[in-house]
Amino acid sequence: MDHRRKELVANRRKTPAGAPKIPKFVKFHKDDHAVGCDEIFWEDPLIYEPRKDPNGRIAHWGLFPYNKEGEEEINGKRIYNRQRTIQYMYRNGRPTPEQQFVNALIDKKLEALQAMNIEEYSSRDYVLHVHAVHMPKLPNSTQDRLWRKVRVSGGLTLSVFVDKVFTPMFRFIRNLHAHVIHDLTDGALFGPKGCDAVDMMHLPQTGYGFIPDDDWQIVHIVREKGDTMCIQYDFGDNWYFDIKVEEVIPAGESTGAVVILGGSGTHPPAEVTPWHWADLLRTADKNNAGREETLREMFASMNYASLPYSSAYNLEFFSVEETQKAVSGAFDSPASLRSMSKHLNQDFTDVDDGGQSVRATLAEHNQTLRRGQALMTFPVYDADGNPTGRVVEEGVSESRRDNPSHTACANCGSPKNLKVCTGCRQRFFCSRSCLRTAWARGHREVCSGPQSK
Ligand SMILES: [Zn+2]
Ligand SMILES: [Zn+2]
């Protein structure tokens, strides 16, 4: 680099006001003029003060500022423009200054996680209250509008909790979108390792990096009554759910099983932002015409495809049994091929309405199922329990099974004492009684091998 050019770089790299001239930790590429880079990255990540919201909670590693209303201000456009400008400078795995900073935070958090002794907490069950942030309250009420209450084992892996409890509980489509879990005490993020969902391109706006959620349990984040964590689901639409420990069950009374205890609010239609759904709910609160408008849009969504339009549909509808069934269905499905469906952003088929199957989408991209990949097809039923001819497809692995420490009982959702089914060697069960129940419920039909009962 000649002298003149060097000068140019030095002049053009604008240090944010108040920040020291030289970053305390991160290194910039010589051509990176730091345009659009937040002043926080001039700090030393090991001693820096993460940004807190007015309630003292820290999200997104504490990287993003808050406005006067206490809302996080994430300037997505600025971050995107900066990423686009610098991406060619930091190639071949060379981290950007922002990633260098977050990697240091990740290392520090990993040390803390490894030093934690969670054994006594893992054997307890927890009653969690999960509610969608950004929803309007019910008219003349202070009640949350979209929430679920669930009892789970504290020893459940975070990835299993998101995939097999949280996602089906709100009828989101499994293995479609990325997510992160926020530890609100320090802003640490946990997310899906090796995920290539399209929404991963928004990772910088989410916090630049995360710790794999396969390796850590619920009790690595929350342990006592009142503790709170947060799930951010779908980096494009950005649904935020607060999860609060409502009750801790002593180990002696804990079963480990996942039990849906209550809830309110029909599940949001697929592929809308929470702000749009909140607007639709407010529209519905106004009058009958508004209700109808909201219902029409809701029923057109793909996760309402199995229900016929009804103007009498109750938007506060919630059923413990149906939700329990959705969660149990997720526990009874073997290792999913996250990368396949996420990569294609399509694992839901409505063949009747000209929807496209996963196989057809693969063909469009000149791809076929890889060795060991398979599609599981689930029929869709109408309100009377008759098959409608529509199907839901899910990419699964035939040759790979869940890692026993990253899964749960295919019958009850407990992560304890798991033993692989000797017949199919795919599903895990926590006890003989769970195996027997699952067998009677239909595992007999999918389990390939000989089976002792
Ligand atoms: Zn079980
Ligand atoms: Zn089996």
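Arg-425 counts as exposed, because 12 C-beta neighbours lie inside 10 Å. This residue of the predicted model sits in the loop between strand S11 (419-420) and strand S12 (428-429). Its phi is near 50°, a positive value in a residue other than glycine. From that loop, here is a short tour of the rest of the chain.

**Another loop with a positive phi**

- His-60 also deserves a look: it is not a glycine, and its phi is positive at about 50°.
- You can find His-60 in the loop between helix H1 (3-12) and helix H2 (76-86).
- His-60 counts as buried, because it has 21 C-beta neighbours inside 10 Å.

**The chain as a whole**

- The protein chain contains twelve helices and twelve strands.
- Of its 453 residues, 36% are buried.
- Among contacts with a separation of 6 or more, 65% are between residues 24 or more positions apart.

**The largest nonpolar core**

- The largest nonpolar core has 72 residues, and those touching the most other members are Val-152, Phe-161, Ile-218, Cys-409 and Phe-429.
- Helix H5 (residues 158-169) is the biggest giver to this core, with seven residues.
- This core lies between domain 1 (3-115) and domain 2 (332-446), because both of them give residues to it.
- As background, nonpolar side chains tend to be buried together in soluble globular proteins.

- Ile-79, Arg-82 and Ile-86 are buried in H2.
- Seen down the helix axis, the buried residues of H2 fall within an arc of 65°, so they line one face of the helix.
- These buried residues pack against helix H6 (203-206).
- Gly-76, Lys-77 and Arg-84 are exposed on the other side of H2.

**Ile-260 in strand S8**

- Ile-260 belongs to strand S8 (residues 259-264).
- With 23 C-beta neighbours inside 10 Å, Ile-260 counts as buried.
- Setting aside neighbours within four places in sequence, the contacts of Ile-260 are Arg-148, Val-150, Val-320, Thr-323, Gln-324 and Val-327.
- Met-169 is 91 residues from Ile-260 in sequence, yet their C-alpha atoms are 8.5 Å apart in space.

**Helices H7 and H8, and Lys-286**

- Helix H7 (residues 274-286) and helix H8 (residues 288-299) have axes that come within 6 Å and cross at roughly 145°.
- On the H7 side, the meeting residues are Leu-280, Leu-281, Thr-283, Ala-284 and Lys-286, while H8 brings Gly-290, Arg-291, Glu-293, Thr-294 and Glu-297.
- The residues of this contact between H7 and H8 comprise three nonpolar, three polar and four charged.
- Lys-286, which is in helix H7, counts as exposed because it has 12 C-beta neighbours inside 10 Å.
- Between Lys-286 and Pro-139 there are 9.5 Å from C-alpha to C-alpha, although the two are 147 residues apart in sequence.

Methods. Residues numbered from 1 in each chain as written. Chains lettered and ligands numbered in written order. Predicted model: local features only at pLDDT ≥ 70, side-chain atom pairs only at ≥ 80, totals over all residues. Axes fitted to C-alpha atoms, helices over the stretch in contact; angles between N-to-C directions. Helix = DSSP H or I, 4+ residues; strand = E, 2+ residues; numbered from the N terminus. Contact = placed C-beta atoms within 7 Å. Nonpolar A, V, L, I, M, F, W, Y, C, P; charged D, E, K, R; others polar. Buried ≥ 20, exposed ≤ 12 C-beta atoms within 10 Å, placed from the backbone. Core = buried A, V, L, I, M, F, W, Y, C linked by C-beta atoms within 7 Å. Domains from an automatic or database assignment. Arc of directions from axis to C-beta.
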